[in-house]
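Keep the sequence and the 3D view side by side as you read.

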Amino acid sequence: MVKEGIRMKKILVFSLGPIFKDYVHGGSQKVLREVAMHLGEQGHKVNIYCVRREDNNDIFELSKNVKVYPVLKFKQTFPSSYKTSPYNLWEIIKILKKQIGNHDVFYVHDAGLNFHFLCNQNIPTIISLRDFLYPETLLGAFNFLRDKIIVNSEYTRESVKHTVGQYLSGIEKRIEFINNGINLDLFKKTKPKEIMSLFEDKFDKNDIKIIYPHRPDPSKGVYQSLELINRLKNKRGLKNVKLLIPHYIDENVSGELNEHYKNIKKI
């Protein structure tokens, strides 16, 4: 049911990252899922167009009024999402151009759309900056000439103001600061019995287990975690310390992580 005074809108969402039905690919996609589902509950119709992957290429209903179209043939995994053939890029442009004309609002998650000539002057166009680091996001921010930029921290707002704002005057008037916040119903102190039950047969009862909850990428701190284990073992004498590293879902569609895993095992 739409709240009184709010007109139902058709919202087109673009995401370079994948949206899965039963999995969450990363923190940014977690935010997008929850925002989209909330808008759907409010009565708006949300259509999410995202990257097509071998393990995620069927159109599906994410929740009430929210539909996901994993049909855009970008490179299946980060980084270098635009590293695909020219005819794939042409097809992506054709799909998005048609859909933009059929919606009331266009939202670009992570500012990841680098075809700004697509933006239709007749409908509001909003981008968000979940970070101010990755190339696709930086290009999206510096090419932005439309309505609103959503940032998730004061630091990002100041970064945009003092970089993009150097040539695009008045940019601060178009920035909206929305703090991500923390879901305290989900993130609370608890005994991790459910997680540890998955590994009970792989560890001794007295093992000290440290969880590394990220993809095995150097930028995510995996080598620093290995150094921590090294210090605990060799300088503190804790021989029963174990580091738990998950296998990342991108292994299903890419061999790019193989080298990282080899280096991790070697170290």
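Is Lys73 buried, partly exposed or exposed? Lys73 is partly exposed, and its relative accessible area is 34%. Keep in mind that this model is predicted.

Now look for a partner. Side chains of opposite charge can pair when their charged atoms come close. Lys73 and Glu91 form a salt bridge through their side chains, at 3.9 Å from N to O. That distance still qualifies because the cut-off is 4 Å.

Next, find Asp147 and Arg146. They form a salt bridge, and their closest N and O atoms are 2.9 Å apart. Arg146 is buried, at 10% relative accessible area. The limit for buried is under 20%, so Arg146 falls inside it. Asp147 is partly exposed, at 30%.

Move on to helix 6, residues 222-234. Here the side chains of Glu227 and Arg231 meet in a salt bridge, 3.0 Å from N to O. The two residues are four apart in the helix, so about one helical turn separates them. Arg231 is partly exposed, with 47% relative accessibility. Glu227 is partly exposed as well, with 33%.

Salt bridges can also share partners, as in the network that joins Arg53, Asp55 and Asp250. In total, the structure holds nine salt bridges.

Methods: Residues are numbered from 1 along each chain as its sequence is written. This is a predicted model: local features need pLDDT of at least 70, side-chain atom pairs count only at pLDDT 80 or more; totals for chains, interfaces and linings use all residues. Side-chain values use heavy atoms; hydrogens and water are left out. Buried means under 20% relative accessible area, exposed over 50%, partly exposed in between (1.4 Å probe, protein chains only).
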